[in-house]
Amino acid sequence: MLYRSTHVPVGEDQDEHLQVARDLCRRLNHLYGDFFPIPQPVFVSEQVKRVKSLRDGTKKMSKSDPSETACLFLTDDADSIAFKIRKAKTDSISEVFYNAESRPEVANLLDIFAALTRQSGPELSKQ
């Protein structure tokens with residue numbers, strides 16, 4: 001609200017927080033006139049609404065994870081991000097293929113890369 005944003009990039013789990021901000025904007029606009037734009041959620045990727053931990057592909061990425069390499073922060077520099085991606089947990093299968101149930105860590109890395117390249121994880125695994 002402070003920056004009068006019209007679109008806010010969110011993950012699936014932050015959508016409820018944005019809804020509270022939207023309701024507050026509507027209420028303040030009703031009381032004091034149209035000042036605040038109603039922010040719309042923007043999911044960076046439909047396939048990647050929830051980014052998983054780099055240490056456990058079955059859990060969501062969380063800043064409260066005890067492992068510093070489990071989460072990517074907006075304030076991380078490029079070297080730190082590259083280090084964390086290189087240290088991300090995978091499995092012992094050398095072939096790269098997308099299967100979120102049997103290979104959640106590999107699927108998570110493909111999903112992260114897919115969100116950055118605007119492709120899908122399964123498409124990337126075929127390249």
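**A buried arginine and its partners**

Reply: Arg103 is buried, because its relative accessible area is 2%, under the 20% cut-off. Please keep in mind that this is a predicted model.

Me: Where does Arg103 lie?

Reply: Arg103 belongs to the loop between helix 2 and helix 3.

Me: With which residue does Arg103 form a salt bridge?

Reply: A salt bridge is read from the distance between a side-chain nitrogen of Lys or Arg and a carboxyl oxygen of Asp or Glu, with a limit of 4 Å. Arg103 pairs in this way with Asp91, and the closest N and O atoms are 2.7 Å apart. Asp91 counts as partly exposed, at 32% relative accessibility, whereas Arg103 is buried.

Me: Which backbone atom does the side chain of Arg103 reach?

Reply: The side chain of Arg103 comes to 3.4 Å from the backbone oxygen of Ile93. With neighbours within four places in sequence left aside, the contacts of Arg103 are Asp91, Ile93, Glu95, Val96 and Phe97.

**Other salt bridges**

Me: How many salt bridges does a search of the whole structure find?

Reply: The search of the whole structure finds five. One of them joins Glu105 to Lys89, with the closest N and O atoms 3.7 Å apart. This pair links distant parts of the chain: Glu105 is in helix 3, while Lys89 is in the loop between helix 2 (78-86) and helix 3, and the two are 16 residues apart.

Me: Are Glu105 and Lys89 buried or exposed, or partly exposed?

Reply: Each residue is judged on its own relative accessibility. Glu105 has 11% and therefore counts as buried. Lys89 has a relative accessible area of 39% and is therefore partly exposed.

Me: What is the N to O distance in the salt bridge between Asp56 and Lys59?

Reply: The side chains of Asp56 and Lys59 meet at 4.0 Å, N to O. Asp56 is partly exposed, since its relative accessible area is 22%.

**Reading a helix**

Me: What span should helix 3 have, and what do its end C-alpha atoms show?

Reply: The approach is to compare an expected length with the distance between the ends. Helix 3 comprises 14 residues (residues 104-117), which at 1.5 Å a residue should span 20 Å. Its end C-alpha atoms are 20 Å apart, so the two values agree.

Me: How many of the residues of helix 3 are buried?

Reply: Ten of the 14 residues are buried, and helix 3 is thus mostly covered. Among them are Pro104, Glu105, Val106, Asn108, Leu110 and Ile112. Helix 4 (121-125) is part of what covers the buried residues of helix 3.

Me: Which backbone nitrogens lie within reach of the side chain of Ser53?

Reply: A polar side-chain atom of Ser53 lies 3.0 Å from the backbone nitrogen of Arg55, and the side chain of Ser53 reaches the backbone nitrogen of Asp56 at 3.3 Å. Ser53 is found in the loop between strand 2 (40-43) and helix 2. At a relative accessible area of 2%, Ser53 is buried.

Me: What separates the C-alpha atoms of Ser53 and Ala70?

Reply: The two C-alpha atoms are separated by 5.3 Å, although the residues are 17 residues apart along the chain. Ala70 is also one of the contacts of Ser53, including as well Lys59, Met61 and Asn108.

Me: Which residues make up the largest nonpolar core?

Reply: That core has five residues in all: Leu54, Met61, Cys71, Ala88 and Ile112. Met61 touches Leu54 and Cys71, among other residues including Ser53, Ala70 and Leu72.

**Confidence**

Me: Where in the protein chain is confidence lowest, and where highest?

Reply: Confidence is lowest in helix 4, at a mean of 79, and highest in helix 2, at 94. For the protein chain the mean pLDDT is 86, and 95% of the residues reach 70 or more.

Technical notes. Residues are numbered from 1 along each chain as its sequence is written. This is a predicted model: local features need pLDDT of at least 70, side-chain atom pairs count only at pLDDT 80 or more; totals for chains, interfaces and linings use all residues. Side-chain values use heavy atoms; hydrogens and water are left out. Helices (H or I, at least four residues) and strands (E, at least two) are DSSP runs, numbered from the N terminus. The expected span of a helix is 1.5 Å times one less than its number of residues. Buried means under 20% relative accessible area, exposed over 50%, partly exposed in between (1.4 Å probe, protein chains only). Contact means heavy atoms within 4.5 Å. pLDDT is the predictor's confidence in each residue, from 0 to 100. A polar contact is a pair of N or O atoms within 3.5 Å; within protein, one must be able to donate a hydrogen and the other to accept it, and residues adjacent in sequence count only if both atoms are side-chain atoms. A nonpolar core is a set of buried Ala, Val, Leu, Ile, Met, Phe, Trp, Tyr and Cys residues joined through side-chain atoms within 4.5 Å.
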